[in-house]
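Please open the model in your viewer and show it as a cartoon.

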Amino acid sequence: MNKKALSERDICTKYVTPALQQAGWNIHSQVREEVTLTQGRIMVRGRTCRRGRQKRADYILYYKLNIPIALIEVKDNTHSVGAGMQQALEYGQMIDVPFVYSTNGDRFLEHDVTADSGVVEKELELHLFPSPKELWERYCSFKGLSGSTRNIMEQDYYIDAGGKKPRYYQLQAINRTVEAVAHGRNRILLVMATGTGKTYTAFQIIWRLWKAGVKKRILFLADRNILVDQTRTNDFKPFGQAMTKIQNRQVDTSYEIYLALYQAVSGMEEAMNIYKQFSPDFFDLVVVDECHRGSAAEDAAWREILDYYSSAVQIGMTATPRETKYVSNVHYFGEPVFTYSLKQGIEDGFLAPYKVVRFDFDKDLMGWRPEKNKKDKLGQEIEDRIFNQKDFDRAMVLEQRTELVARKVSEFLKNTDRYDKTIVFCEDVEHAERMRRAMVNQNPDLAGNNPRYVMRITGDNPQGKAELDNFIDPESVYPVVAVTSRLMSTGVDAQTCKLIVLDRIINSMTEFKQIIGRGTRIREDYGKYYFTIMDFKKATELFADPDFDGEPVQIYFPDADDSPVPDNDLESEEEQQDAPAGDLENPVHGEDYPENTYPEQSAERIRYMVDDVPVYVLAERVQYYGRDGKLITESLKDYTRRKARQEFESLDEFLEKWSMADRKKAVMEELEERGLLLEALAEEVGRDLDPFDLVCHVAFDRPALTRRERAENVRKKNYFARYGEKARTVLDALLDKYADEGIVSIEDPQVLRVKPFDRLGTPMEIIDLFGGREAYLQALRDLEQELYETA
C-alpha cells in the first residue's frame, strides 16, 4: 500500500486510532473524531446568506467526558509531520487544552505547554503516544490539582435524554469556574454575550459543584420574575424536588437549590428583607444572573444581599460588565475567569451578524432655532435658543421628525417583509406613544386589519405588557412592531426580531450592548440569519468605541430620496426564493420592569410640541466595517486593492489561483472570508462585472470586461463547433445564464432544472447529450476556460 496515496481519513483509521488504542485510550469514552467546534460564520450577501467554514478538530482526547486534555490534527502523508501544528494550536486554544499534536501518520509532533524542561515541541514515534494516566498526571500537575480539588474537577456535567452537551466555549466556562472554586476563589465573574447560553452554563456549574458535594445550598438570583420562572422550568429542571422558588415572602429551609427574584427577598423596609430569615452562612454558593444590573454598585439592593451572604462563593454572570466611576463588576468579583464576546459569537456562527442603516436629519445635525416669539401647538412661547438632537423628543418635540422616522421604518419593512418582528426604541413613554401613532398612520392597512400590528410595550401600559410574550413567541404573528422605551432593552430575547430601530440617544456601552443583544439569536427555521439596525440618533457611533467587540456587516447612509434598504438588499423574486430558509434555544421573556427615566423627564420640565417644522434626510455615504472590527475609512477600491495584494503578490498568482480552481465559487468564498467585500464592490464599480474582473480591474489595474462581453467573445470563437446541435444549445444557454447572473449560477448543478434548461430535457437527459456526467463537467470547465482566456 502506497502511504502517500492515502487520504487524511485513511491516515486516521490506519495509523492514528490504532496508536491511541495501543496507548490505552478508550475509543468509545475518551476519544471523539471530527468534532465540530463552530457553526461557521454567517456571511451576508444582500438578503441572502451562507455559512462560512466550520472549525472541526480531527481528534479530541478526554480524561473524562467533561475534561478535554489533548487535541490531534491529522494531515495526509504528503505533508510533513508538523504541517497541522498551527491549526492544532488554534483549536487547542479554543478548547483550552495544554497538549496538542500534529501527525501525518509517520510520527506525532507534540506541543506541551506544561513542559518544564524548556522543550515545548518534540517528535514521538507512533507507539510512544502518552497514555491517559500520563497526560492526566501532567495536566493535574500543571493546573495544581490534587486531593479534593482533583475530585471536584472530575465530577461529570449533566447530560439530558436528548443528548444536549455544552458547546466548546460553554465547557471552557464551566471548567474554569469549577477549577476556580476548587482552588478556593470565592468571587468569580463570567462574561458571555447575550444568546450564548449563560443560564445553561450556570446550571452545569451548579450541577457539578452540587453533585460533588462541595456546595450543598445554592441561591440563584435574578431581577426579572419571568427569568426565574423560565430558569426553573427549562435549564434547571433536572434539580427536580431539590429546587424551590422563593415567593410570597415565604421561607422554607428544607430545599437545596433556591431561585429568587431579588426584589422578592429585599425591600426598603427591614421587614421586607426576608433573605435575612436565612442565616448568613445558610448558602455556600450564590449565582447572580445579569450582575451588571445592580450587584456591582456598593449601595445597590443586590449588594446588600451579597454582603449578607459574604461567606458564600459568589458567581456573577453578565453579557456586559459595568465599569464606571461608581459601579464596577471587576472590583467586586475580580477579573473574569472566562469571556466569550459578541464578536467571537458572530465569528463562530452561534450569533447573528447585523447590518446598520444610518440616517442623519437636517435638524439633528444643524439644530433648529425658533423665530422670535414663536409658539408651539399648545400655545407655549418657545425659548429662544438652538435646539439640537439631544433636545429632540425630550425638551422639544418636532412631530414631523417622528413622522419621518416612522415613514423610513415603514419603507424598510415594505421593501423587505412587513411581518418581520421589529423593536423601536424611543426616548421615553410619551415618545413611544407618538411613535406608535405614527407607525399606525404609516401602515393603515395592516394596523386596521389587526390593531396589534403595532403595539406600545412600556412599563406603564398593561395592554402592551400583556402582549410581550406574544411578541417574543416565534409562532405568534402579532404584535409585529413593538414600540418601547427601556422595558425591552434587556432580558427580552426576541428570537425572530429582524429589525431594531434606535430613535433614542444611548451613551452607555452597557445599554447599547444589551439592546444589540435583542437581535443576536439565530433562528434558521424562521429564516432569521441576521438582523438590521436602523439608527436615527447616532447611537451606532458606539461601534467605534474600543469597548465594543462585534462589528456590523455593513453600515449604510441613504440619501434623502433613497430607499432605506441598502441596494444589495433589493433582489429579484427568483433570488429571494433561493435565499436559505433558518435554530435556537427557548426564548427568555421579559417581565414587569419599570421604565428608567432621565432626570429631565420630570413633570416640571417644559416640553414644546411643534408640528409645523419640516425635517429632511441629508445625503450621506455608505461605510463598511472590516473583519477586524475597524471602520474602513479608505475608499472601497483602495481597501480592495490592499486586501487583494495581501493575498496575491501578483496578477499571475491570482490568475493561477482562479484558473486552477474547479469551482470559482470556492475562490470567491475564500476572498470574502479574507475580508474582500465583493458585493459592495460590485455596487460601486459595476454589477455587470464578474468577481474575476472586479479583482483584476481594481487590484491589478487590468481593463474590465462585462460578463456579456466575455460571453460574446466566446461565441465569436466558434467554440461550440466541436459539440452536437443540442449540446450547443445547452452551452449557449449557459453563456446567457452567465451573462445574466454570473459564474456561480452555471456551476450550480441545479441550473439544469430551471428555465430555459427545463425545456431541453431532464438534467440526466441534458448530461447525456455530452456523453455522461464527467464529459458534461469537462465541457463546463472548458467553457469557463474560454470565458477567462483573454485574461
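At what angle do the axes of helix 13 and helix 14 cross? Select residues 399–415 for helix 13 and residues 429–442 for helix 14. In this predicted model, the two axes cross at roughly 50 degrees and come within 9 Å. The pair is therefore oblique. The crossing is right-handed.

Now show side chains at this contact. From helix 13, pick Thr-402, Glu-403, Val-405, Ala-406, Arg-407, Val-409, Ser-410 and Lys-414. They meet Arg-434, Met-435, Ala-438, Met-439 and Gln-442 of helix 14. Colour the contact by class: six residues are nonpolar, three polar and four charged.

Next, go to helix 26, residues 725–741, and helix 29, residues 773–787. Their axes come within 12 Å and cross at roughly 50 degrees. Helix 26 is therefore oblique to helix 29. This crossing, too, is right-handed.

Which residues meet here, between helix 26 and helix 29? Select Leu-731, Leu-734, Leu-735 and Tyr-738 in helix 26.

Last stop: a cavity. Select Leu-219, Leu-221, Ile-246, Ala-260, Val-265, Tyr-275, Phe-278, Phe-283 and Tyr-309. These residues line the second largest cavity, which holds about 40 Å³ of space. What classes of residue make up the lining of this cavity? Nine are nonpolar, and there are no polar and no charged residues.

Conventions: Residues are numbered from 1 along each chain as its sequence is written. This is a predicted model: local features need pLDDT of at least 70, side-chain atom pairs count only at pLDDT 80 or more; totals for chains, interfaces and linings use all residues. Side-chain values use heavy atoms; hydrogens and water are left out. Axes are lines fitted to C-alpha atoms, for helices over the stretch in contact, and angles run from 0 to 180 degrees between N-to-C directions. Helices (H or I, at least four residues) and strands (E, at least two) are DSSP runs, numbered from the N terminus. Angles under 35 degrees count as roughly parallel, over 145 as roughly antiparallel, 65 to 115 as roughly perpendicular and the rest as oblique. A crossing is left-handed if the near helix is turned anticlockwise from the far one by less than a right angle, and right-handed if clockwise. Contact means heavy atoms within 4.5 Å. Ala, Val, Leu, Ile, Met, Phe, Trp, Tyr, Cys and Pro count as nonpolar, Asp, Glu, Lys and Arg as charged, and the others, Gly among them, as polar. On a 1 Å grid over the protein atoms alone, a cavity is a set of points where a 1.4 Å probe fits but cannot get out, and a pocket is an open set with protein on both sides within 12 Å along at least five of seven lines; lining residues have an atom within 4 Å of a point. Grid points are joined across faces, edges and corners, and a volume is the space filled by probe spheres set on the points.
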